[in-house]
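Here are my notes on the model, as numbered points. Please read them with the structure open.

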Amino acid sequence: MSDEYTDISYIPSHPPDNFHTFNFYIPTPRNTSALICFVHGGAWRSEDKLDHAGLARRLASFTGYAVAVPNYRLCPREFTEDNAIRHPDHAKDILRFLEFIITWQGPYGTNSNNLCLMGHSCGAHVLSSIFLEATEDPLRPSSQLLNSTKAIIMSEGIYDIDLLLSSFPTYRDWFIEAAFGPRSAYREVSVTTMNPRIEYNHLRWLIVHSKGDTLIDEAQSEAMYHHLLRNVSHVTRNFEQLIEEHNDILKGVEFVKLVGQYIIDNVPPCT
């Protein structure tokens with residue numbers, strides 16, 4: 001069982017903009033000493049926070065921690081130069097959400113200065129874009145956010161865009177050009193080229209990939225794992241345990257057990 005609060009604005013507007021809202025799930029009984037935030041996937045163009053209510057409830061129940069699931073702006077299905085939402089716009093929204101949540105004085109008694117962040121599919125790219133540093137860095141998380149974030153879990157992630165297109169060339173027209181614009185190469189927006197913010201080396205990373213994923217190949221997660229392995233102190237992977245399809249892992253119990261136990265072990269309650 002959980003208490004649920006929906007459509008909370010993290011960027012005030014009148015009327016409220018659904019893209020700038022989040023849902024909040026509090027388990028019963030609850031441990032208020034940490035907070036989990038889940039950033040959904042959907043190729044930067046689809047899905048909604050409500051799609052992941054079941055996952056949020058299961059995570060909250062397993063860990064005892066509250067779970068927040070934000071929305072963010074999506075690329076239009078029919079886009080022009082006038083209405084385009086492109087990288088880093090999606091990540092800017094999630095950064096606004098994270099900066100909001102660590103100062104939020106909500107009535108729910110949760111310690112949002114002890115965070116575990118989760119990103120699935122393109123959500124993994126969104127989080128990596130924030131917590132890694134590009135050569136030209138439009139995303140600058142505050143020192144409070146960097147200190148508050150204890151772990152990042154990324155599942156079935158997109159990290160190296162050119163490598164992705166070498167495996168799935170049709171993705172260029174399907175969603176890559178909409179998300180990043182037409183380019184001859186996408187190295188500059190691939191998070192495998194971005195450097196860790198080394199002054200915050202406490203951060204722990206977990207990369208998860210399912211053997212059953214046919215939409216994003218394991219080469220993506222392998223590339224990101226080795227990139228982080230060369231540059232950070234705390235990175236682990238699990239490419240063996242899950243066998244479901246790309247989004248189906250979020251519907252089952254094995255994923256919750258895997259990441260939930262990692263959260264319990266690596267985001268200990270504040271004392």
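1. In what order do the eight strands form the open sheet? The order is β1-β2-β4-β3-β5-β7-β9-β10, and the pairing is mixed. Strands here are DSSP runs (E, at least two residues), helices are runs of H or I with at least four residues, and both are numbered from the N terminus. Two strands pair if DSSP finds at least two bridges between them.

2. A word on the basis. This is a predicted model: local features need pLDDT of at least 70, side-chain atom pairs count only at pLDDT 80 or more, and totals for chains, interfaces and linings use all residues. Residues are numbered from 1 along each chain as its sequence is written, and side-chain values use heavy atoms, with hydrogens and water left out.

3. Axes are lines fitted to C-alpha atoms, for helices over the stretch in contact; angles run from 0 to 180 degrees between N-to-C directions.

4. β3 and β5. Strand β3 (residues 35–39) pairs with strand β5 (residues 115–120) in the parallel sense, over five bridges. F38 has M118 of β5 as its bridge partner.

5. Helices on the sheet. Helix α2 (residues 89–101) packs on the sheet and touches β1, β2 (21–27), β3, β4 (66–70) and β5. Its direction makes about 170° with that of β3. Helix α3 (residues 122–131) also packs on the sheet, touching β3, β5, β7 (149–155) and β9 (204–208). The α3 direction makes about 135° with that of β5. Contact means heavy atoms within 4.5 Å.

6. Aromatic pairs. The structure holds 14 of them. Rings of Phe, Tyr and Trp (its six-membered ring) pair if their centres lie within 6.5 Å; planes under 30 degrees apart count as stacked, over 60 as edge-to-face and the rest as tilted. Y171 and F175 have ring centres 5.1 Å apart and planes at 45°, so this pair is tilted. Both residues lie in helix α6 (residues 171–180), four residues apart, about one turn of the helix. W174 and F175 form an edge-to-face pair, at 5.1 Å centre to centre and 75° between the planes.

7. W44, F168, Y171, W174, F175, F180 and Y186 form one aromatic cluster. Y171 and F175 are both buried. F175 has 3% relative accessibility, whereas W174, at 43%, counts as partly exposed. Buried means under 20% relative accessible area, exposed over 50%, partly exposed in between (1.4 Å probe, protein chains only).

8. S190. Where does S190 sit? Its place is the loop between α6 and β8 (195–196). At 1% relative accessibility, S190 is buried. A polar atom of the S190 side chain lies 2.9 Å from the backbone nitrogen of I161. Leaving out residues up to four places away in sequence, S190 touches Y159, D160, I161 and D162.

9. R237. This residue is in strand β10 and is partly exposed, with a relative accessible area of 38%. Which side chain makes a polar contact with that of R237? The partner is E222, at 2.6 Å. A polar contact is a pair of N or O atoms within 3.5 Å; within protein, one must be able to donate a hydrogen and the other to accept it, and residues adjacent in sequence count only if both atoms are side-chain atoms. The C-alpha atoms of R237 and E222 are separated by 8.9 Å, with the residues 15 apart along the chain.
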